[in-house]
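Visitor: Please take me through one part of this model in close detail. I would like the strand pairing first, then the aromatic rings.

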Amino acid sequence: METTEAVILKGPKDLALGALTLAEPGPGDIVVDIAHSGISTGTEKLFWTGEMPPFPGMGYPLVPGYEAAGEVVEAGPESGFRTGDHVFAPGAACYREAKGLFGGAARRLVTAGARATRIDAKLGAEGALLALAATARHAMAGMRNAPPDLIVGHGVLGRLLARLTVAAGAPAPTVWEINPDRASGALGYEVLNPEADPRRDYESIYDATGDAALLNTLIGRIAKGGEIVLAGFYPAPISFAFPPAFMKEARFRIAAEWNADDLKATRALIESGALSLAGLVTHRRAASAAAEAYDTAFGDPACLKMILDWRAA
């Protein structure tokens, strides 16, 4: 049985590298040597802190990570890939001793070829951002969905939402950010502290913070009949004052995770140059420093996206 080095989360804040046994690949599977994997400050952070609400497939020990990019080193005849292809892999469930609800933070993994997406090797570490970009695209895609005119939060997801809005040719959105460390880096749109924004007529507000406590504030900022899109992940129960929402005839929409069409469309936008991933990766660490990397990713507000480099593992 082949083994791999992987990040293993044994329990809340109990994280270390360890060896795990890989499942045998089948005819539709690929074996990928991961070069870069990203750390999610949304769902992964909730598992790390122990605050994740009950979710199908959850439990410890687990291998975190659903943002991974690397090279195919073995391809089954029914996988649709060849050795040497560079791919994005949204995690894997290939470990015998740990759960693979995410499963991307490993030196080598086995996954179905149908789950992987071929990418340009020149993307490097930015190739690991494909899922997050597809998540932003999924929130905006659809015939009845309006692009945001206000985005709350200038983290990676908020920046991707803003960049996709500009790329779509829609009016540049306003972005709210209260952390001065994250106020810079806008590309064709304005970033404001909400206290400096007098507007109360937004038609479409996208919240990228995952903070349900903001809902009453956002309801006060929409136009009558306006929509609030919950684009983050919300661990706490969501509630809001009904009378203001009633007066505004507010609409709420939940944006779930990306799908295969989102990945394809997002890849096309990146390859055409319409969507840039530049400047989103702010921190990198060798996989051997995974414990410190997770601490930084979840504790340093200046860290937009932390990437683990597995090439020396």
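Guide: Two strands count as paired if DSSP finds at least two bridges between them. The model is predicted. In it, V152 stands opposite D207 in β11. The strands concerned are β8, residues 150-152, and β11, residues 202-207. They run parallel, and three bridges join them. The cut-off is at least two bridges, so β8 and β11 pair, with three.

Now widen the view to the sheet. This is an open sheet of six strands, paired in parallel. Its order reads β10-β9-β8-β11-β12-β13. The edges are β10 (190-192) and β13 (251-254), and each of these pairs on one side only. From one strand to the next, the twist averages 20°.

Strand β11 covers residues 202-207. At Y202 there is a charge contact to look at. R199 lies over the face of the Y202 ring, 4.0 Å from the ring centre.

Next, the aromatic rings. Searching the whole structure gives seven aromatic pairs. One of them joins F47 and Y60. Their centres are 6.4 Å apart, with 85° between the planes. Planes over 60 degrees apart count as edge-to-face, and this pair is edge-to-face. F47 lies in helix α1, residues 43-49, while Y60 lies in the loop between α1 and β4 (68-75). The pair therefore ties together parts that are 13 residues apart in sequence. How exposed is each partner? F47 counts as buried, at 1% relative accessibility. Y60 is partly exposed, with a relative accessible area of 30%.

A second case is F242 with F246. The ring centres lie 5.7 Å apart and the planes meet at 35°, so this pair is tilted. Both residues belong to helix α5, residues 242-248. Being four residues apart there, F242 and F246 are separated by about one helical turn. Exposed means over 50% relative accessible area. F242 counts as exposed, at 56% relative accessibility. F246 counts as exposed too, at 52%.

Together with Y66 and F102, they form one aromatic cluster.

Terms used: Residues numbered from 1 in each chain as written. Predicted model: local features only at pLDDT ≥ 70, side-chain atom pairs only at ≥ 80, totals over all residues. Heavy atoms only, no water. Helix = DSSP H or I, 4+ residues; strand = E, 2+ residues; numbered from the N terminus. Axes fitted to C-alpha atoms, helices over the stretch in contact; angles between N-to-C directions. Phe/Tyr/Trp six-rings, centres within 6.5 Å; stacked < 30°, edge-to-face > 60°. Buried < 20%, exposed > 50% of the residue type's maximum accessible area, 1.4 Å probe, protein only. Lys NZ or Arg CZ within 6 Å of the ring centre and 35° of its normal.
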